[in-house]
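Open the model in your viewer and keep the selection tool at hand. This tour goes from one stop to the next, saying what to select and what is there.

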Amino acid sequence: MTVPHPSLRLSDRIAELLADPEAAASAWSSRPQWRQSLAHGAPGIALLHIERAATGRGPWEPVRAWLAVAAKGPVTSGPDSYLHYGAPAFAQALACAARARPGSYSSALAHLDDVVADDALRRCDEALARITRGDLPALAEFDAIRGLAGVGAVLLRRDPDGEAIHRVLGYLVRLTADVKHNGRALPGWWTMDGPSGTPDERFPGGHANTGVAHGIAGPLAVLSLALRQGIEVDGQREAIRTILAWLEHWRDGHSWPYWITPGHLDGDGDARAPLAPQRPSWCYGTAGVARAQQLAALALDDSRLRRDAESFLAAALVDPKALAATTDLSACHGSAGLAHIAHRAASDALPHNAARLRSAASLLLDTAHPPRTDPDEQAHHLLETAGPGFLEGAAGTALALLAPATGTIPATSWDACLLTF
């Protein structure tokens, strides 16, 4: 029997402090995005309590309380909804609860399934029309947080045989075709947005983003996860290979630039300089990109790619300079999130790399909750500084610690919303 890591005490204490929605700090609970936000609000906090209840670590009362907050008013659909907000976010939380308690929330989920699928079809129509016009995409068209890659993750779970997921996959395949813009051949995911998804004077010629949260690693993960489930559309394998080749071209050791700019394409000396130390995050960095590559390798049955991706991830997670750049605990870009990715990747890894990844996960857990640290004091400090949310806050930290600290796999697949699991 696996002896739980001491960081489990921190996870438990965070959950205790987040058991009652009425006790949430008004500075967070009064924000407009609180009720429907998977990233920052009620659905994301519900995920923590759903996973704990499913594994016998906590009661169901907090689950019901947090889901009730999310359901207090109309659920947003249409252009303002996406994986981390509105109908897809609520569907993710309810799907996890239904997995733990089969048959529960069936009526609400059936309604949400129809809403998410209809919105996905509409968004695919708009995206394909944009491609036909020859325009460049916005990040929010395709990325994991706001775009069709994120919606695709919901559809893979809720309606894997439906029209909508096949349309999303077909769109992602089209996205990988090069485009001509101002006389230059660019990857189809090149955007004139800045990395935040809005116009940015620092990126006058746009950029191509490498990460999972806002870049091409998100579509790579969805295309690969679908293929592993036996869901395939024309050109899907070739699209995966196209993305992999592009990532390989820009790889620097075990890292990737967060984004590629015209300076990179033009061979500008500063742009092509060796990468400065950067955190190996899920959102941007080696953890997310290499895990997406590992999923692609498993989907394609490519042993060389699998070995390389696992080696890149293992190396990045013990790189002192990269870890020094990792300064928080969050699921998005902190040590707890990295421990979770290492643990998840180890479960799919070749034996030698699995051992390296498990060792890295253990060290990351020690970083997240150092020996002789008071879990109560740490949990309170985390709530005060990072807030209660899922993506960058306390709830996500507690969730990310659970599986590696107990040596288990998530019972509810809560991490499907990160696309790489």
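A polar contact is a pair of N or O atoms within 3.5 Å; within protein, one must be able to donate a hydrogen and the other to accept it, and residues adjacent in sequence count only if both atoms are side-chain atoms. The model is a predicted one, in which local features need pLDDT of at least 70 and side-chain atom pairs count only at pLDDT 80 or more, while totals for chains, interfaces and linings use all residues. Residues are numbered from 1 along each chain as its sequence is written, and side-chain values use heavy atoms, with hydrogens and water left out.

Select Thr210 to begin, and look for its side chain, which reaches the backbone oxygen of Tyr258 at 3.1 Å, while the backbone oxygen of Pro257 lies 2.7 Å from a polar atom of that Thr210 side chain. Because its relative accessibility is 1%, Thr210 counts as buried, a word that means under 20% relative accessible area with a 1.4 Å probe and protein chains only. Leaving aside neighbours within four places in sequence, the residues in contact with Thr210 (heavy atoms within 4.5 Å) include Trp246, Trp256 and Val289.

Next, select Tyr171, which is among the residues with the most contacts inside the largest nonpolar core, a core of 141 residues. Such a core is a set of buried Ala, Val, Leu, Ile, Met, Phe, Trp, Tyr and Cys residues joined through side-chain atoms within 4.5 Å. Not counting residues up to four places away in sequence, Tyr171 touches Cys124, Arg130 and Phe142, among others.

Note on methods. Buried means under 20% relative accessible area, exposed over 50%, partly exposed in between (1.4 Å probe, protein chains only).
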